[in-house]
Amino acid sequence: MFSKPILKQTFKSSYKLWVIFTAILCVISAVVISVFDPKMISGMMKMLEGTPMAEMAGDRLSSMTSLLGMLSQQFYGMLAAILPMIYIIITANNLIASQVDRGSMAYLLSTPTKRSTVVRTQASFLIGSVFAMFLVVTIVGLGTVQLMHHALWGEGYTPDVVAAAKVLDVDKADLTDDLSLILDNEEALATGADAREIETDVYTMYLTLKMADDTGELPQFSEQAGQVGDMQNQIISGITAAADVLGVAPADLMSDMGKIKANSAALAAAAETSGLPEPLLVMMINSQLASDELALDAGIEFSVKDYLMLNLGAFLLMFAISAISFLFSCIFNLSKNSLALGAGIPIAFFVFQIMAQIGDSLSGFKYLSLNTLFDTNAIVNGGSYAVQFVVLAVIGVVLYVVGMNRFQQKDLPL
Amino acid sequence: MSVLQVDHLTKDYGSGRGVFDVTFNVEKGEVFGFLGPNGAGKTTTIRHIMGFSRPQEGVTYVEGMNSWLEPAKIQRNLGYLPGEIALPEALTGTQFIKMMADLRGLKDMTRTNALIDRFELEPAGGLKRMSLGMKRKLAIVTAFMHDPQVLVLDEPTSGLDPLMQDMFIEFIKEEKARGKTILLSSHIFSEVDATCDRISIIKEGHLMSTFVANELRHSTSKTFKLEFNSKEEFERFRAEAEATKRLKILSVKRHRNQAKVQVEDADVNDFIAVISGYSLKFFSEIKFTLEDYFMKFYDRGGAAYAVN
């Protein structure tokens, strides 16, 4: 089946490249996960809202507020597609075509080793090394998620729950199940608000919303859409007035409404212009800040299954890509020809996918790219992706089989 | 049954390149020389014997096994020395020897180590930095390490220094004495002349001639060159040679008073008796070499086809 001596030689000549690319992927993956800060990201989102950049980014922007969403965009959509591809292109060519071109294949075949054994061993190495690459990246990724966000084991306790549990002397898990314990204890409330770095009023509102959210009873404002619409207009006029007083742009103020509360003159101006009483305005601001906090909690929610599927999908895409490069490595006797197609086609796929994402007018390019079958949005946002995975796997298997057969049948210029 | 059989092998690479209807056999214990310049089709023929290429027509056998159908089987008892030395660069010489031994399932390294000593190989360094001669020696060791009965050697001494070349020729003679069957492709006359029992000359993909080397070496006639001291002597000799018919004048150089004469070994005493009566500047034997024979085919160009 396999030749151990050939595997050994292949390993010796390829492991450096593998180590370099795997290390780069791991470091980048770990950095992207570590620096993820839902507060900062959602702040950035707000800043971008309404700007041309947000339009360009489209719905990708909204998916970036969660850790997996950002990972899928920043890492799996780009780096995890291009870096392993470079490794694959170089290695696939080295495994067969380059050895035929240089003539060193003659030594392997001047021993009682069948061509089928040679090509099977080389194909196995390529597939195995790509799999190992993603396995390592996955393990490092999970480790980083646990280390930086505690999102895997022991639930992702928010800092206020941790602080309040200490004050109340109860178990963190019990407290998460019954947040009213915090509401009932003033000291716990103050400590929790401190831990979250928000006011006690806002924190109270947040806890109420959170409990309602947990039981699925979050108030649906849309039921009174007309009323809310009127009120929104009033609020916006109020915010504009407050912005004048504070000397900042209304858009900036909208993303940080706490400032209105902090400045009594601004609050008065807002109340006057909007026609809403000050206490109501404060409550509405508090409510807005509280739902911001709620959104932050969602940010570090992390589905291990989705994360594994992202990695599986990336591996399957690279499996199919490696089959393309390997096929041409088997077909051609010259490295330059093997590389022309074995590198050219995967790179073209990658470029087409990028082009398809840039704008609607170019979206047709997605039909020309294998990379489209690895749909990170579908994986993260609960879409369907099983069929695409199967298609990638089938393409890979078929191309590997064709390549191996071709190598066994062709004339070798050795 | 012949150990190596090349039977009406044809492979046309287009524009006159390739091999065309090549047939020859190498018997057990024989060293067979395969002589031709670069691009004549030596390596193409060997590629087919090794099973690297599929013949368009014809077939090649090694120990009765079809090269294309059972390439892995024939390699068990075959040693191959490629014409171009392209070793896997990531390895050191020692690692390469180990890999080849593993691929051959070779456990006993006694012979391998003896070969390393004999060829003064220093295998420790990386293959990338090895000199061509050292790489060639490494290839020789790995071709002979498993003591195969059949050897296919493609220009084995190119890149070796003259001392090593002589040693390699000695080594081939020893292997032959041990009953090995050897196909030796070369464009170097001296090594073919020194080792081969039979020789084939290939030109532009066609086999021109296959002959027994000893017949060439031990020809029953000799050729001598004579230079006379005067024009008169020269003309007198020509006249006498014409008359006796025993001395065959092959060619003359009038302005230098030289003549080339072919003499049967049986007539050599008569020849000496005849020339003792002339005033000679010198006389010397012109050795007929493989090179002369080889050149006949290449000098005459297209006409040489008729010889076969």
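**The sheet of chain B**

In chain B, 6 strands form an open sheet with mixed pairing, in the order β6-β7-β8-β3-β9-β10. Strands here are DSSP runs of E with at least two residues, helices are runs of H or I with at least four, and both are numbered from the N terminus. Two strands pair if DSSP finds at least two bridges between them. β6 (78–81) and β10 (206–212) of chain B are the edge strands, each pairing on one side only. Neighbouring strands of the sheet are turned by 15° against each other on average, direction ignored.

This is a predicted model: local features need pLDDT of at least 70, side-chain atom pairs count only at pLDDT 80 or more, and totals for chains, interfaces and linings use all residues. Residues are numbered from 1 along each chain as its sequence is written, while chains are lettered from A and ligands numbered from 1 in the order in which they are written.

Strand β9 (residues 198–203) of chain B runs antiparallel to β10(B), and 6 bridges join them. Lys203(B) has His206(B) in β10(B) as its bridge partner.

Axes are lines fitted to C-alpha atoms, for helices over the stretch in contact, with angles from 0 to 180 degrees between N-to-C directions.

**Where the chains meet**

The contact involves 20 residues of chain A and 22 residues of chain B. Residues are in contact if their C-beta atoms, placed from the backbone, lie within 7 Å. On the side of chain B that touches chain A, α3(B) gives the most, with 4 residues.

How values were computed. Contact = placed C-beta atoms within 7 Å.
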